[in-house]
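Hello,

Here is the structure I promised to hand over. Please have a look before reading on.

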Amino acid sequence: MEVQVTTSRRKALSRPVTYPSRWLATVLVSAATLGVSAQALAEDPIKVGILHSLSGTMAISESTLKDTVEMLIEQQNAQGGLLGRQLEAVVVDPASNWPLFAERARELLAQEEVDVIFGNWTSVSRKAVLPVVEELNGLLFYPVQYEGEESSENVFYTGAAPNQQAIPAVNYLHDQVGVERWVLAGTDYVYPRTTNRILEAYLREEFGVAEEDILVNYTPFGHSDWQNIVAEVRRFGAEGKKTAVVSTINGDANVPFYRELANQGIDAADIPVVAFSVGEQELSGLDTGPLVGHLAAWNYFMSVDTDENYDFIDAWIDYTGDEESVTNDPMEAHYIGFNMWAEAVRKAGTTEVDAVKDAIIGVTVPNLSGGHAAMMPNHHITKPVLIGEIQDNGQFDVVWQTPSTVAGDAWSDYLPGSRDLVSDWRAPMRCGNFNVANGSCGGSTAAEEAEVALAE
C-alpha cells in the first residue's frame, strides 16, 4: 500500500510544501509501517522549470502552455511522482522580453536548481536561452514549430521542423490547390525569416517558381494595422494566377490580421491562408465565420478523433474548470515531451542531466493522434503532418495528412550551408552539426546565434 502526501493542486504546483515536524514524523512512522520508504517521502522534490510568457504579446499563446505543464505535473504526482519523489513546478514569467528569457533560464538553473525546463515559444527567445542551458548543462524541452538550422545537446525539439510543417504545407497548396503565386507573410524575427528562406529556395528548386511570383512581407510583434498589407496581398492575387498566403505571423498580431482579411472580403476560395502559428487558442478570440476555409498546418488538432485525444481534452477541461477550453498543437508537444522526459528519468534511474540525455534517445511514447512519437538521435521527434481547415466553431477539419509519421530534420536540404550537415548526439559522434563533406564537427555556435537573434 502506498501513502501520498498531497495538498490542493494549485498550491502544490506553485511552491514547496512545508509541514510541522511532529506531523511529518507521524507520517513517516505510518509510512514505514505500511511499507513505504520514509527516505523517499522526505527527499527533495524534482523541480520542473516552466519558462513561458504570462504577459506581453506572446501571452495569448504561451500562458496556456504553462498551465499544460502544471496539469502534467499534477497528473504525474497523482501517479506517485517519479523515482518515488514528487514533482514541483517552478514558474517564471519572461514577459515576452527576449533577453529576459535568458535571465529567467539562468535563475531556474543556477538558483532554483531545476532538473528540467519546459518553455519558450519564439525562436528568438529560444536562441537567447541556448547559451545558458549549454553553459549550465540544463535540459530544455521546446514545444513549438521552428525554422530548424539548429541542434543542441541540451535541447529537445518536440515541435515541428520545416520538413514536418512548412514543406508539406507548401506541397499541399501546390499539388492539391494549384497555387502558383506565394505570399510569405511573417513576424520580423528569426523563425519567419529562416523558414521563408527555406521556402523560397524550395519553391524555386522544386516547382520552378519565378521571383516575381513570390511576395515576402515582415511586420513587428504585436502589429495591428494590416489595411495596407492586406490590400497589397489582394492586388498580388488579382493578376491571374492562383495565390496563397503562407503565414508565419506570431502572437496577438494574428487577431487583427484575420479581421482585416474579412474586412477586405478575402476568403479562402480566392486567396487561402495557411498558418503555421495559428491554432485553436488563437482562434478562440476571433469571429471565425468569415475565416472558414482558411488553413493551418500542424501535427495535431483538437478535432482529431482518437481515444487518447478525448482523454486529454477531458483532463484539460477538468483541470481548467472551463467547458470552452481548447487544446492545440504545442500543448500536445509538451504532453509528448513531458512523457518522454519522465520515461527517460525512469530508464536512467536518475534526473541527472547527462544520464537523461543518453537515456532519452530512442524513447517512444504515445501521441494524441493515435500513433507514437520517437526521440531521434538529432533530438527531434517523429510526428504526423496534418492540414486543417478552419470551421465556424473555431475548430479545424483535417483535410489532409501524411500516411505515417515524419522524422524531424535539423538541417535543411535547401540551404547551401546546411545540406551537408547531420546531427547525432549519440557516442561517439555527439555532434549537432557534423559536416559529412569534410568529416568535421562545427561545435556549438549558441552564443553567436543568440547575439545575432537578439540584435535583429
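Below is what was found, from the overall fold down to single residues.

First, the ground rules. This is a predicted model: local features need pLDDT of at least 70, side-chain atom pairs count only at pLDDT 80 or more, and totals for chains, interfaces and linings use all residues. Residues are numbered from 1 along each chain as its sequence is written, and side-chain values use heavy atoms, with hydrogens and water left out.

Overall picture. The protein chain holds 15 helices and 19 strands. Both are DSSP runs numbered from the N terminus (helices: H or I, at least four residues; strands: E, at least two). The C-alpha trace spans about 80 × 55 × 40 Å along its principal axes. The radius of gyration is 23 Å, which agrees with the value near 23 Å for a compact globule of 456 residues. That radius is taken over C-alpha atoms, and the globule rule is 2.2 Å times the number of residues to the power 0.38.

Burial and contacts. Of the 456 residues, 55% count as buried. Buried means under 20% relative accessible area, exposed over 50%, and partly exposed in between (1.4 Å probe, protein chains only). Take contacts between residues at least 6 apart in sequence: 67% of them join residues at least 24 apart. Contact here means heavy atoms within 4.5 Å.

Surface and charge. The chain exposes about 18000 Å², and carbon and sulfur atoms supply 47% of that. Areas come from the Shrake-Rupley method with a 1.4 Å probe. There are 28 positive and 65 negative side chains, with the centres of the two sets 4 Å apart. Lys and Arg count as positive, Asp and Glu as negative; His and the chain ends are not counted.

Backbone points to check. Most residues other than glycine have a negative phi, and most peptide bonds are trans. The peptide bond from Ala-427 to Pro-428 is cis, with omega near 5°. Pro-428 sits in the loop between strand 17 (421-424) and strand 18 (431-435). Arg-430 lies in the loop between strand 17 and strand 18 too. Arg-430 has a positive phi of about 45° and is partly exposed, at 36% relative accessible area. Leu-83 also has a positive phi, about 55°. Its loop runs between helix 4 (59-78) and strand 2 (87-92). Leu-83 is partly exposed, at 34%.

One buried site. Thr-64 is in helix 4 and counts as buried, at 6% relative accessibility. Leaving aside neighbours within four places in sequence, Thr-64 is in contact with Gln-281, Trp-316 and Met-331.

Best wishes

Terms used: Charge placed at Lys NZ, Arg CZ, Asp CG, Glu CD.
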